[in-house]
Amino acid sequence: MTKLLEIKNLKKNYNTKMGEIEAIQNLSFDVKDKEFLCIIGSSGCGKTTLLNLIAELDTKTDGCILKYKKDLKIGYMMQVDCLFPWKTILENATIGLEITHELTKENIEYTKDLLTKYGLKDFMNKYPDQLSGGMKQRVALIRTLATKPDILLLDEPFSALDYVSRLMVSEDVYKIIKEEEKTVIMITHDIAEAISLADRVLVLSKRPTRIKNTYDIKLSNKSTPIENRKAKEFSYYYDLLWKDLDKNVN
């Protein structure tokens, strides 16, 4: 697969009243086109900081973030759906286009097509409080896709949902991502979720963050996230990741 992004010797330090804190230490990895990469690690280890650096919402202390595509565009989907309650679903889905000054007739039609394609046609003129939690997450993803990003950053996108909804929405989101042929970097605390979704999993250490291990997830008859949990190799990968995380899992 073609390399889209490369992180080389990335460092991030914060200055506090107690002195300088090293958050990320010499982190290096690459991201390939159409890859689903999951990053797991203990709370406070720097997962969200890493996504913020990739999205250029924060400044690195040292190292390189190399882009291998001209005008590479990155979309960011946060933990919560962040839908505006006073805006319709269509207005919420196009807010990213509005912010980036790309709210053209063509892009509005593209967003409408996405909403229609993924079961939200009849909800375009409704408001967030009329949608289920899973549907809101679908809108949040479509809002990110509407800007036509090359790489999607997902920050624990299912963490606010109950267990059953989490399974169903992860299934939903995975299908959309694969159908739209997007590259994904997703952080999660959930080992099973990472194995069921990812092509590759990076395990981060406690702060200062470094990569402890990288695993290529090779499941027989790889399919959707729910079906992937039934694969014979699933428990093997689960045990490996559990041992890596040890008692740092939350």
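Reader: What is the order of the open sheet of 3 strands, and which pairing does the sheet have?

Author: The order is 2-1-4, and the pairing is antiparallel. This is a predicted model, in which local features need pLDDT of at least 70 and side-chain atom pairs count only at pLDDT 80 or more, while totals for chains, interfaces and linings use all residues. Residues are numbered from 1 along each chain as its sequence is written, and side-chain values use heavy atoms, with hydrogens and water left out.

Reader: What makes strand 2 and strand 4 the edge strands?

Author: Strand 2 (19-32) and strand 4 (62-67) each pair on one side only. Two strands pair if DSSP finds at least two bridges between them. Strand 1 (residues 3-16) is joined to strand 4 by 5 bridges, and the two run antiparallel. Glu6 stands opposite Leu66 in strand 4.

Reader: Which strands of the sheet does helix 1 touch?

Author: Helix 1 (residues 47-54) packs on the sheet and touches strand 1, strand 2 and strand 4. Helices (H or I, at least four residues) and strands (E, at least two) are DSSP runs, numbered from the N terminus.

Reader: Why are helix 5 and helix 6 called roughly parallel?

Author: The axes of helix 5 (residues 133-145) and helix 6 (residues 163-179) cross at roughly 20° and come within 10 Å. Axes are lines fitted to C-alpha atoms, for helices over the stretch in contact, and angles run from 0 to 180 degrees between N-to-C directions. Angles under 35 degrees count as roughly parallel, over 145 as roughly antiparallel, 65 to 115 as roughly perpendicular and the rest as oblique. Helix 5 and helix 6 are therefore roughly parallel to each other.

Reader: Why does Leu97 count as buried?

Author: Buried means under 20% relative accessible area, exposed over 50%, and partly exposed in between (1.4 Å probe, protein chains only). Leu97 has 1% relative accessibility, so Leu97 counts as buried. Leu97 lies in helix 3 (residues 95-99). Not counting residues up to four places away in sequence, Leu97 touches Glu102, Leu103, Asn107, Thr111, Ala146 and Thr147, where contact means heavy atoms within 4.5 Å.

Reader: Why is strand 3 described as largely enclosed by the rest of the structure?

Author: In strand 3 (residues 36-40), 5 of the 5 residues are buried, so the strand is largely enclosed. Phe36, Cys38 and Ile40 lie on one side and Leu37 and Ile39 on the other.

Reader: In which sense does strand 3 pair with strand 7, and in which with strand 8?

Author: Strand 3 pairs with strand 7 (residues 183-188) in the parallel sense over 5 bridges. With strand 8 (residues 200-204), strand 3 pairs in the parallel sense over 4 bridges.
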